Amino acid sequence: MIGTISGDRSLSERDEDAADTAAPRLEIESISKSFRSVDALSDVSIAIETGEVVGLVGENGAGKSTLLKLLTGIHRPDSGRIVLNGSPVQIDGPRDAAHRGIAIVKQEQDVVPNLTGYENLYLDQIPDFTRFGIVNTDRMRSRAEQVIEELGIELDLAAPVSSYSFTERQMLEVSKAFSESIDTDHPIILLDEPTAGLDEDGRELLFNRIDELRERASFVFVSHELDEVLEVSDRIYVLKDGSLVDEFDAATADESMLQRAMVGRETADEYYRTSRQPSIPSTADVALRADGLTVAGDVDDVSFSVRDGEIFGIVGVEGCGKNTLGRALCGVDPPDGGTVHVHGDPVDPTSLGRMVETGMGYVPKDRKAEGLLLYQPLTMNVSLPSIGTERTSHSLGGVGSLLSLIDGGKEREMAAESVEQLDIKTPRLDSLVYQLSGGNQQKVVLAKWLQRQSDVLVMDNVTRGIDVAAKEEVYRVCRELAEDGVSMVFIGDELPEVIGMSNRIGVMKKGRLVDAVDAPVGDKPTEEALIEMMI
Amino acid sequence: MADGTLLDRAGARLTKIRAERTPQDWVIDLGPFVLLFLLVIAFSIASPNFFTVSNLVDNVLRNSTILLLVSLAGTFPILQQSIDLSIESMVGITGVIAAMLISDYQLGVLALLVAVIAGTVFGALNGIVFAKLKIPSFLVTLGSLSILSGSALLLTGGTSVPYRDPSVRWVSTGELIFSIPNIVIWGLLFYLLMTFIAFKTPFGRYCYALGENEEVADLSGVRVDRYKIGAFVVSGLLCGVAGALLAARTSSASPGMGTGLLLQSIAAIVMGGTALTGGVGGPHRTLLGVLVIGVLANGMNLVGIQSFVQEIVLGFVVIIAVAMSMDRRKIDIVK
């Protein structure tokens with residue numbers, strides 16, 4: 001329906017209609033929303049002008065998601081109003097929001113991989129392209145081609161989305177948001193963590209698009225990555241605990257100002273605790289050594305070693321094989337060739353189960369799907385890798401540990417120790433972990449391996465999608481672990497983070513480890529230098 | 001550091017957010033108790049013969065024991081979010097094996113042990129095909145349901161296998177302790193053993209982890225295949241026990257003697273609180289479901305509801321129990 005009404009009016013034609021509007025494109029007037037007794041948002045007012053890119057930052061739980069859900073009609077405000085072009089509106093769900101010109105690019109990609117790009121683009125509008133029950137795919141496809149062309153996005157729309165790269169999928173999502181809101185003058189596109197999982201190139205592409213499209217749309221940009229928010233936005237609102245605490249002009253603000261407003265204290269300087277980074281003597285024992293590690297199509301003959309207490313960063317553009325390398329090191333995706341040594345002993349990289357016994361641990365990229373039993377208690381999550389070891393077993397004069405009978409008391413102590421050590425905020429020791437915030441969930445994933453007493457950790461984007469305060473905690477823990485002699489392979493998409501944390505940084509390109517750069521305190525490589533090697 | 005203080009200090013850090021319990025949580029936790037209570041009251045009023053020691057022990061408990069064993073068997077695969085559909089024919093073939101070994105080879109009580117081992121082997125085969133060849137468990141066990149029932153028919157020529165051996169019969173119908181039939185004691189022993197396994201052994205713990213999210217278990221270093229096979233081994237073993245005891249109790253065995261147990265056991269497992277979505281519930285809860293089904297069947301008999309109607313009632317019970325226990329936080333789409 002949306003597609004047919006707008007018919008052949010192109011995006012650019014409508015630009016002129018929208019040129020002079022007196023009232024702001026979108027106003028949020030002292031909106032409040034609470035869930036049960038918790039105030040998710042209280043008395044928040046925001047205005048977005050035509051053609052403006054507005055940044056929205058805040059820690060997890062600050063109310064960003066709630067605000068987006070109010071704007072897309074998933075929740076209704078308890079009080080306050082939403083005003084579009086000067087007239088108050090009530091938004092009845094995402095479809096209604098799209099009609100009114102508000103569309104969202106969600107954090108999780110909502111694509112159906114086995115359908116083509118254009119089918120995905122018009123997934124909810126396929127009935128509008130039918131005549132007598134038969135879908136006119138040609139019309140759908142040409143309309144889709146037209147939309148992305150006007151947006152300046154290049155995609156092979158006839159190919160199934162499963163063949164798209166992560167970045168291409170994200171571009172499809174952006175196109176979808178535009179096509180949904182196509183029959184309004186000047187849509188408002190909400191971008192919820194749009195760069196999560198994107199590599200440098202993808203980000204560049206996305207930011208270029210935003211920059212060009214601001215002529216014909218307004219954007220709300222939500223991200224944890226403050227440098228990106230500063231780069232992209234005109235103005236930045238800071239939310240903290242459900243209230244609007246500050247508003248910045250992006251041209252005059254910097255990261256530490258935002259951080260201070262978000263957290264309510266100074267954090268930027270010692271963010272990565274670089275002063276605590278030890279220099280690793282070349283006489284230190286080698287904890288992990290990979291020789292000629294190869295995974296067909298992804299990782300090509302990669303060799304490196306990591307010493308006790310060393311943090312070895314791995315960077316590279318999306319598709320360079322760094323994630324597969326991490327999985328291959330641990331035996332999650334068994335390598336096709338090459339060997340792995342842990343503490344000098346050869347290990348069988350075909351089973352994580354066996355690797356764990358040698359001291360290896362793996363922190364996966366996607367904590368919800370791969371790291372946590374979301375609907376099981378914290379205690380059970382923390383102890384999971386340690387079940388069957390004497391750390392969780394009854395002694396009972398040898399019999400208990402022989403059968404590895406689980407000692408609930410030891411298990412609770414283990415959880416209690418982790419809650420204290422990592423400062424995990426949880427209602428109870430046996431709370432189900434889905435109730436915890438993202439940062440606390442990630443600490444539970446770390447706790448699993450700390451309690452297993454793993455001393456070689458492979459971590460894939462360990463701070464992905466967690467807020468500033470939680471990131472700081474994770475950095476602190478990593479530093480402490482390193483001081484205890486734990487070695488880490490630190491795979492990351494965030495260059496500043498990898499640079500800040502690592503002793504050495506391996507750069508991957510097309511499956512090969514092209515360089516390993518020293519990153520001692522005071523002489524860290526620059527982002528630019530690394531990017532140059534990556535591409 | 002002292003243990004007590006560690007827990008105390010951790011306790012002090014716990015934030016004051018209350019864990020939210022949904023109405024569904026309460027239904028799952030208390031539902032079977034309430035239902036059992038209501039059924040007992042209703043049937044006590046409806047039939048003077050219901051609430052008597054002889055009816056409750058001799059009929060309800062004794063008749064429920066086979067269902068209990070089979071339901072405990074099915075609990076472990078379901079806890080892992082798999083399912084064992086072959087239990088009916090597993091009971092049939094192990095019973096037939098026992099009866100034939102007793103009548104043709106005079107193996108006596110030893111035959112019962114052979115039946116249990118046979119069940120264990122069949123279960124292991126189910127598990128190996130499922131885990132190693134990565135074929136969905138419902139398909140593997142649907143296949144073995146047919147294979148095993150066909151084999152049992154082939155072995156017996158489709159007839160019942162009677163035998164005379166009082167010592168075998170005693171294993172089931174004797175009264176070693178007070179005047180409780182031995183079969184009930186067996187049921188209770190295996191119930192306690194399975195509950196212990198579920199809570200105290202790594203195998204039990206991994207059943208919950210696998211049922212919740214196999215990928216996470218795998219990435220935590222759990223040797224997933226081993227424990228997937230294990231669930232079917234346990235299932236086969238308990239079906240073997242059920243087959244052997246059923247053969248002992250009736251002094252005969254027939255290929256079809258497990259018929260009807262599958263649906264009843266799924267009803268019992270799910271009603272007890274082990275959802276088909278895996279990861280919650282456990283064998284300790286399955287007993288409740290078994291008692292509900294047992295009381296329901298016995299009560300309906302006593303008040304004279306014909307068996308055809310009973311079958312219809314059971315069908316509704318299964319669907320309602322599944323509907324109430326599915327964890328919808330975990331799944332949005334059902335196929």
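Analyst: Begin with burial. A residue is called buried if 20 or more other C-beta atoms lie within 10 Å of its own. Keep in mind that this is a predicted model. In β6(A), I102(A) and I104(A) point one way, A103(A) and V105(A) point the other way, and all are buried.

User: Which strand does β6(A) pair with, and in what sense?

Analyst: Two strands pair if at least two bridges are found between them. Here β6(A) and β9(A) are joined by four bridges and are parallel. Within this pairing, V105(A) has L191(A) of β9(A) as its bridge partner.

User: What is the strand order of the open sheet?

Analyst: The order is β6-β9-β10-β3-β11-β12 in chain A, six strands with mixed pairing. β6 (102-105) and β12 (243-249) of chain A are the edges; each has a single partner strand, so one side of each lacks a neighbour in the sheet. From one strand to the next, the twist averages 20°.

User: How many bridges join β11(A) to β12(A)?

Analyst: Six, and the two strands run antiparallel. Y237(A) is opposite E247(A) of β12(A).

User: Which strands does helix α10 of chain A touch?

Analyst: Helix α10 (residues 255-263) packs on the sheet and touches β3, β11 and β12 of chain A, with its direction at about 25° to that of β11(A).

User: And which strands does helix α3 of chain A lie across?

Analyst: Helix α3 (residues 64-71) lies across β3, β6, β9, β10 and β11 of chain A, and runs at about 150° to β9(A).

Terms used
Residues are numbered from 1 along each chain as its sequence is written. Chains are lettered from A and ligands numbered from 1 in the order in which they are written. This is a predicted model: local features need pLDDT of at least 70, side-chain atom pairs count only at pLDDT 80 or more; totals for chains, interfaces and linings use all residues. Axes are lines fitted to C-alpha atoms, for helices over the stretch in contact, and angles run from 0 to 180 degrees between N-to-C directions. Two residues are in contact if their C-beta atoms, placed from the backbone, lie within 7 Å. A residue is buried if 20 or more other C-beta atoms lie within 10 Å of its own, exposed if 12 or fewer, and partly exposed in between; C-beta atoms are placed from the backbone.
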